[in-house]
Amino acid sequence: MPDPLSVASGISAAGALASLWQLRRRALRAEAEIAHLQAELAAERHAASHDPLTGLPNRRAFYRIAAALLTDAGGQPLIAVVIDLDDFKQINDRYGHAAGDQVLVCVAQRLTAFAGDNLVARLGGDEFAGLLATPTVDRRWIDHATRRLCEAMAAPIPLAGRNLRVTASVGLAPVTGPTQLAEALSAADAAMYRAKGVAARRAPRQLTETPRLAEC
């Protein structure tokens, strides 16, 4: 006949194991719930600071990140960049807003590739901005970087079975100190509008289509 104490001890041990198993399940569920809430919070923070179409930082995030970069620059020269597409409304009018979105995504990808690890953002509409670390801020370097960026933006974009060439006006200006971001962006914006005016006076701008030859 089994010893009653042994039976009671076995039942108690089994009950303890069951309780531990239930506690473990509850702990795992709690951990999963916390991870889910953290992921939702991270997604909400990302959505609040990034453009949903291009994935680039938005205007608010650009100014916040740029301010931090300028504080920690350690004297390294920085250049503010402003980009505005030329006659972007024509794309939406002729091909539709989905095509316009595709162009904006492609422009964002090209700007990101040009900037490398530097900060770039979509400020809104067809306007983009960046903050580039540079070896120098002399006029020759700025002119060279402006030409390269304009060429990158003007490369054909595949759209609905054709290649569409869209030009952009670009302005660059040096940032002279941690508190001078607004002034530098204003100077870059003014340079961009001067470039837009010069291009408009040279010849009327039109969208150019060619057979599809390249991929974005």
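Two strands pair if DSSP finds at least two bridges between them, and helices (H or I, at least four residues) and strands (E, at least two) are themselves DSSP runs, numbered from the N terminus. Keep that in hand for the sheet below. What you're looking at is a predicted model, where local features need pLDDT of at least 70, side-chain atom pairs count only at pLDDT 80 or more, and totals for chains, interfaces and linings use all residues. Residues are numbered from 1 along each chain as its sequence is written, and side-chain values use heavy atoms, with hydrogens and water left out.

Let's start with the overall plan. The protein has six helices and seven strands. Read from the N terminus, the elements go α-α-β-α-α-β-β-α-β-β-β-α-β. Out of 216 residues, 33% count as buried, where buried means under 20% relative accessible area, exposed means over 50% and partly exposed is in between (1.4 Å probe, protein chains only). As for contacts (heavy atoms within 4.5 Å), of those with a separation of 6 or more, 72% are between residues 24 or more positions apart.

Now for the sheet. Four strands make up an open sheet in the order S2-S3-S1-S6, with antiparallel pairing. S2 and S6 are the edge strands, each pairing on one side only. From one strand to the next, the twist averages 20°; for angles like this, axes are lines fitted to C-alpha atoms (for helices over the stretch in contact), and the angles run from 0 to 180 degrees between N-to-C directions. As a general point, strands of a sheet pair through backbone hydrogen bonds, either parallel or antiparallel.

Next, S1 and S3 are antiparallel over seven bridges, with Leu78 having Ala133 in S3 as its bridge partner. Finally, S1 and S6 pair over eight bridges, again in the antiparallel sense, and Leu85 is partnered by Ala168 in S6.

Time to look inside. A nonpolar core here is a set of buried Ala, Val, Leu, Ile, Met, Phe, Trp, Tyr and Cys residues joined through side-chain atoms within 4.5 Å. The largest one has 29 residues, and Val81, Ile83, Val103 and Phe128 have the most contacts inside it. At least two residues of this core come from each of S1 (78-85), H3 (88-95), H4 (97-115), S3 (127-133), H5 (139-154), S4 (157-159) and S6 (168-175). H4 gives the most, with eight residues. There's also a second, separate core of 18 residues, which includes Leu78, Leu119, Ala184 and Ala188.

Leaving aside neighbours within four places in sequence, Val81 is in contact with a set of residues including Phe128, Leu132, Leu149, Val170 and Leu185.

The helices come next. The axes of H3 and H4 come within 6 Å and cross at roughly 140°. H3 and H4 are therefore oblique to each other, given that angles under 35 degrees count as roughly parallel, over 145 as roughly antiparallel, 65 to 115 as roughly perpendicular and the rest as oblique. On the H3 side, Phe88, Ile91, Asn92 and Tyr95 make the contact, and on the H4 side His97, Ala99, Gly100, Val103 and Leu104 do. H5, meanwhile, lies across S1 and S6, running at about 150° to S6.

Arg148 lies in H5 and is partly exposed, with a relative accessible area of 41%. Arg148 is 34 residues from Phe114 in sequence, and 8.8 Å away in space, C-alpha to C-alpha. Asp87 belongs to the loop between S1 and H3. Although Asp87 is not a glycine, its phi is positive, at about 55°, and at 31% relative accessibility Asp87 counts as partly exposed.
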